[in-house]
Amino acid sequence: MDAAANAAAAKDAEARLSRREMLGGVGSAAALLAAGAVAPAAASAATSTAAAATPAHAGALPASGPATRGGQRMARLYPHESAARSTRDLSGFWGFRLDPRDEGEASGWPQGFSGARTIPVPASWNELFDDAAEYFGTAWYQKEFLLDPGWRGRRVYLRFGAASYRARAWLNGQLLGEHEGGHLPFEFDVSALVRATGPNRLVVLVDNAQREERVPAASRPGAGFNFPSYPGVTFDFFPYGGLHRPVLLYSTPATAIEDIAVHTDLVAGHGIVRAGLQVSGGWNGMATVSVESAAAGAVAQVRVAVRAGRAEAELVVDPVRPWSPEDPFLYTLVVRLADAQPDEYRLPIGIRTIVVDKDGLRLNGKPLFLAGFGRHEDFPIHGKGLDLPVLVRDYELLKWIGANSFRTSHYPYSDEALMLADQYGLLVIDESPAVSLGFGDPDPVIAARHAQHARALAEMHARDKNHPCVIAWSVANEPGIGAPVGTPAEHAALVERGLAYFRPLFTDMRARDPSRPVVLVSFGTGPDEWSALGDFICTNLYFGWYVAGGQPGEVVRGLLEKELDRLHAVHGKPVMLTEFGADTTAGVHAEPATMWSEEYQSQLMELTMQAVRARPFMVGAHPWAFADFRTAQGIMRSGGLNQKGVFTRERQPKLAAHTLRRLWRA
Ligand code: BDP
């Protein structure tokens with residue numbers, strides 16, 4: 001890096017640091033330095049809680065039976081309906097009560113509680129009730145339901161799409177178990193507890209306390225902040241609480257297909273589908289596996305022997321219609337067990353390949369450039385609650401603007417978001433909830449985050465592994481040294497600490513899924529050593545905003561070009577610009593363009609896209625962000641919103657949207 005780029009990078013580091021302080025993420029220099037460096041052994045020991053690594057071949061399944069923890073099973077196959085399975089959605093109105101003194105459990109609320117008000121599920125509680133607007137503690141949900149008479153004698157499961165952040169559930173007063181992590185599903189086998197006649201009462205405690213050992217993390221208690229924000233979180237989005245995704249009941253026959261892991265390939269013009277199967281109870285018997293299309297019925301079929309609950313099937317689809325953004329064609333993989341009560345599972349699949357090498361990304365053998373956005377699950381009133389109309393509108397706008405991709409910044413999105421992306425042909429970088437990890441924090445805090453982070457990656461893979469839309473896994477967004485620039489030795493120790501943290505996560509993810517690239521999304525001066533763990537380099541650069549804000553286009557372009565070229569020279573891998581942008585208040589205009597105006601954002605988008613497209617090693621550019629979104633209140637976030645959206649929070653285009661549409665649809 002030359003002197004100018006160096007100076008810019010240092011400024012970027014500073015800007016990031018004070019921005020994080022503004023967001024409450026970084027403690028005082030003294031506290032951070034006092035924390036010392038984590039011993040690498042302590043950090044890697046925490047990985048032993050990660051799911052067992054799978055054999056390094058496609059279609060691989062976890063080595064053991066259902067992964068259970070705290071009474072819950074890891075949710076794997078989505079409860080799609082079939083001839084043998086039904087699903088009931090418990091979305092709707094539930095009873096709700098805040099518990100600011102955490103007295104519910106001791107006061108018998110798990111049996112059912114009084115004083116409930118009505119809340120919709122799914123939704124966040126924060127924008128519904130004024131007294132819950134800034135409520136980050138414990139809240140209780142309850143719902144009564146009757147079991148479908150046809151489900152008697154069958155296995156019955158209860159599946160939560162997501163509860164932010166920790167949930168404990170009781171059915172008819174009996175504890176089912178607990179789950180931690182706000183963005184991934186979990187389920188319980190309720191067959192023995194559910195009543196066949198009379199009402200069943202489901203009670204759920206949802207705890208959304210902001211704690212520094214959670215992922216993502218609250219700011220460190222007692223840390224000194226330059227620019228306090230409220231609530232004090234380390235990340236730039238609002239920490240909404242609630243049952244954010246549907247709660248489903250589903251039933252299966254006694255012997256059930258518990259997991260399927262699909263891997264597809266294209267060889268000499270035909271499609272190969274490999275499916276690893278897992279059946280409950282170590283079942284032995286025959287299974288039929290077929291690939292069906294709506295128009296042609298079964299286009300490939302095999303019978304396989306299931307031994308001790310395991311089998312692998314390989315099918316050839318010829319001719320094949322590969323899945324791609326231009327033609328997101330979905331087949332259905334159907335698995336049927338030859339049993340007295342035959343289970344049947346129907347899984348939508350797309351036949352496609354994704355490859356990364358030093359020359360770039362290729363989808364189905366063709367060069368791929370990712371044009372799209374970082375986004376958020378965020379909408380007025382719903383907060384982070386699943387909103388199907390918003391989902392459809394967002395994907396329509398992505399198509400309108402000519403995008404082919406998005407990143408699930410900064411946490412795994414809903415099942416529904418991925419199912420719809422499969423249908424729309426949108427390519428997804430699936431990101432874990434590990435945003436803004438700081439490595440200046442004390443050992444026990446980092447070890448706790450590591451264990452939770454490892455679990456989230458295992459759960460994300462378990463849920464999302466079969467989606468053709470998912471083309472890469474993002475382990476983390478913008479992890480930082482987390483301390484003000486110290487001596488070179490202090491810096492090196494923190495870099496090492498991060499490496500000891502990330503290496504096992506990458507190893508586990510690659511063992512689970514050798515078929516997709518694994519990346520880490522870094523920023524400006526994020527250590528190159530961490531980015532180097534990724535199969536391609538992902539970087540967030542805010543030249544023109546946090547660095548060189550308001551400066552002439554040539555200055556911004558110069559800084560950007562230097563840093564992109566430097567990253568490519570250092571790593572020798574393809575590079576993607578995963579974030580860039582400028583806060584822009586819709587309706588503010590300026591000629592010549594100034595910061596916050598629509599013209600400024602539009603010009604920044606145009607010059608950035610030009611610099612990116614002029615570099616053959618660049619494999620994508622995602623402006624930050626798709627739409628304005630709610631975040632913590634503070635002096636850098638007018639109206640409590642991050643306004644870097646190319647669309648407003650209500651999804652109306654700013655000038656930059658038209659610019660990108662022109663560039664991306666050309
Ligand atoms: C990036 C973060 C993103 C922020 C964005 C910003 O990845 O979450 O919202 O900066 O500051 O560093 O707008």
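Helix H10 (residues 598-613) packs against helix H11 (residues 655-664) in this predicted model, with an angle of about 25 degrees and axes 8 Å apart. Axes here are lines fitted to C-alpha atoms, for helices over the stretch in contact, and angles run from 0 to 180 degrees between N-to-C directions. H10 and H11 are therefore roughly parallel to each other, a label for angles under 35 degrees. H10 passes H11 in a right-handed crossing, in which the near helix is turned clockwise from the far one by less than a right angle. The contact (heavy atoms within 4.5 Å) involves Glu598, Glu599, Gln601, Ser602, Met605, Glu606 and Met609 of H10, met by residues of H11 including Leu655, Leu660 and Trp664. Seven nonpolar, three polar and four charged residues make up the contact of H10 with H11; Ala, Val, Leu, Ile, Met, Phe, Trp, Tyr, Cys and Pro count as nonpolar, Asp, Glu, Lys and Arg as charged, and the others, Gly among them, as polar.

Among the residues in contact are His450, His453 and Leu457 of H6 and Tyr501, Phe502 and Leu505 of H7. The contact of H6 with H7 comprises 10 nonpolar, three polar and four charged residues.

Turning to the strands, eight of them close into a barrel with parallel pairing, in the order S25-S26-S27-S28-S29-S30-S31-S32. From one strand to the next, the twist averages 30 degrees. Pairing requires that DSSP finds at least two bridges between two strands; helices (H or I, at least four residues) and strands (E, at least two) are DSSP runs, numbered from the N terminus.

An antiparallel pairing links S15 to S16 (residues 270-279) over 10 bridges. Asp259 has Gln278 of S16 as its bridge partner. Two residues lie between the strands of this hairpin, where Ala268 takes a positive phi near 45 degrees. S15 (residues 257-267) is mostly covered, with eight of its 11 residues buried, meaning under 20% relative accessible area (1.4 Å probe, protein chains only).

Residues are numbered from 1 along each chain as its sequence is written, and side-chain values use heavy atoms, leaving out hydrogens and water. Local features need pLDDT of at least 70 and side-chain atom pairs count only at pLDDT 80 or more, whereas totals for chains, interfaces and linings use all residues.

Technical notes. Buried < 20%, exposed > 50% of the residue type's maximum accessible area, 1.4 Å probe, protein only. Parallel < 35°, antiparallel > 145°, perpendicular 65-115°, else oblique.
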